[in-house]
Amino acid sequence: MFHLRCIACGEVYDRREVIYQCPRCSGLLEVVFDLSEISVTKAEIESRAFNLWRYRELMPVEDYTRVVSLNEGGTPLYRADTIAEEIGVKELYIKNEGANPTGSFKDRGMTVGVTKALELGATAVGCASTGNTSASLAAYAAKAGIKCLVLLPAGKIAIGKLAQALLHGAIVVGIKANFDVALKLVREICAKHNIYLLNSINPWRLEGQKSEAFEIADQLGFEAPDRVVVPVGNCGNISAIWKGFKEFHELGLIDELPVMTGIQAEGASPLVRAFKAGESSVTPEPKPETIATAIRIGAPVNAPKALLALKESRGIAESVTDEEIIEAQKLLARKLGVGVEPASAASVAGLKKLVEAGEIDRSERIVCVTTGHALKDPEIIFHRYEKPIEIEPSIEALEKVING
Ligand code: F0G
């Protein structure tokens, strides 16, 4: 079975308690499985459909036949030889999370999170979001038939994500402040009005996201890569992925653990600064800024978990500029045919920077996670890339174009 435990003071809590932080010390909570009770073989896993529920023994739900699912997970792991060559590494893979039902890795968290909400008797769910979380929660709440409230930093949400939240019928509220403020506000309103909170502070949600690690290992033939590079905002995903690798390792399903590498945008990089300064907590950035709006976060709530993941895996953290992000987005789009939103490209931009700086061994086997689909943020493409060419409808005009 499984229960909740505080990562700071170690206090344990029953899985039926509706809590998001340790009631005793306010520390972050994590879900702990009794792994000695779990026996699942590689062959059993391989006999199942390739989606998140392939790893059902490690998903903390009461009855997996009653989960709220849109068939999330099962995303492609592309071998990216052309990009590997460009960056100068031996073996590179792209784990394309944009291929999830609503176009981001958040769906992995929400299938478990919304299932948990129903198990705990919730009739409404809520979140603050830089966009993807709200799009995903809106869709899963619709599937579950419960109400959904999303708080967004007004004017700072990529249009595709905003459209999704509206499409799926959530109550969509723009807050005239940044994500960090919206998160504070949603936590208050959720507590006050019995709305189940599904930001990544919610430990159940991160359990779904740890399946990214299971899949990467599975797709590499039950082997961990040397390194996994992840874009970082609120610090939930990198922590979840690390937890997933640790559990597979403890169960003997993989022999090695990867090194975790977290990448933030330069204008929103509190984790990177704390990591480089060797600090055990982050100093919030009051005015985070980057074109990668998904990771425009100054006060990441899961920072203690991410710092632990970096420490335990002997990992590193680095920041990249908006220009480096766009360059990497272009590389993925034009050398691999994979369209990702800016935040996602941060992983590849960070890898390139770290390889050039000599911080990463070129002979490593590396997986970069790309977290969200390009269509989430079409405006960035219109602003930063070539414009379409308009001509009169004649062969001569068309020939002028194709002849450059
Ligand atoms: N990449 C994308 C595309 C995201 O949407 C996010 C987070 C991240 C990376 C960073 O993940 O927060 O777990 O470190 N988006 C959240 C949201 C904050 O509201 O959609 P993280």
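The legends below describe close-up views of a predicted model. Local features are reported at pLDDT of at least 70 and side-chain atom pairs at pLDDT 80 or more, whereas totals for chains, interfaces and linings use all residues. Residues are numbered from 1 along each chain as its sequence is written, and side-chain values use heavy atoms, with hydrogens and water left out.

**View 1. The open sheet of six strands.** The strand order is β4-β5-β13-β10-β11-β12, with mixed pairing. Strands are DSSP runs (E, at least two residues) and helices are DSSP runs (H or I, at least four residues), numbered from the N terminus; two strands pair if DSSP finds at least two bridges between them. Strands β4 (77-79) and β12 (316-320) stand at the edges with a single partner strand each, so one side of each has no neighbour in the sheet. From one strand to the next, the twist averages 25 degrees.

View 2. Helix α8 (residues 211-219) lies across β4, β5 (91-96), β10 (227-231) and β13 (365-370), where contact means heavy atoms within 4.5 Å. The helix runs at about 135 degrees to β5. Axes are lines fitted to C-alpha atoms, for helices over the stretch in contact, and angles run from 0 to 180 degrees between N-to-C directions.

View 3. E215 belongs to helix α8 and R108 to helix α3 (residues 106-119), so the pair ties together parts that are 107 residues apart in sequence. Both E215 and R108 are buried, that is, under 20% relative accessible area, while exposed means over 50% and partly exposed lies in between (1.4 Å probe, protein chains only).

**View 4. The salt bridges of K210.** The side chain of K210 meets that of E207 in a salt bridge (2.5 Å, N to O) and that of E247 in another (2.7 Å, N to O). K210 lies in the loop between α7 (203-209) and α8, and E247 in helix α9 (residues 236-250), so this pair ties together parts that are 37 residues apart in sequence. K210 and E207 are buried, and E247 is buried too.

**View 5. A nonpolar patch on the surface.** I389, I391, I395, L398, V401 and I402 form the patch, with about 580 Å² of accessible area together. Patches are made of residues with over 30% relative accessible area and no salt bridge, like charges being joined within 9 Å and nonpolar side chains (Val, Leu, Ile, Met, Phe, Trp, Tyr) within 5 Å; accessible areas come from the Shrake-Rupley method with a 1.4 Å probe, and for residues only the protein chains shown count as cover. I389 is placed in the loop between α14 (378-384) and α15 (395-402) and is exposed, at 62% relative accessible area.

View 6. N194, in the loop between α6 (179-193) and β9 (196-197), has a positive phi of about 60 degrees although it is not a glycine. N194 counts as exposed, at 69% relative accessibility. F222, in the loop between α8 and β10, also has a positive phi, near 55 degrees. F222 is buried, with a relative accessible area of 6%.

Methods
Salt bridge = Lys/Arg side-chain N within 4 Å of Asp/Glu carboxyl O.
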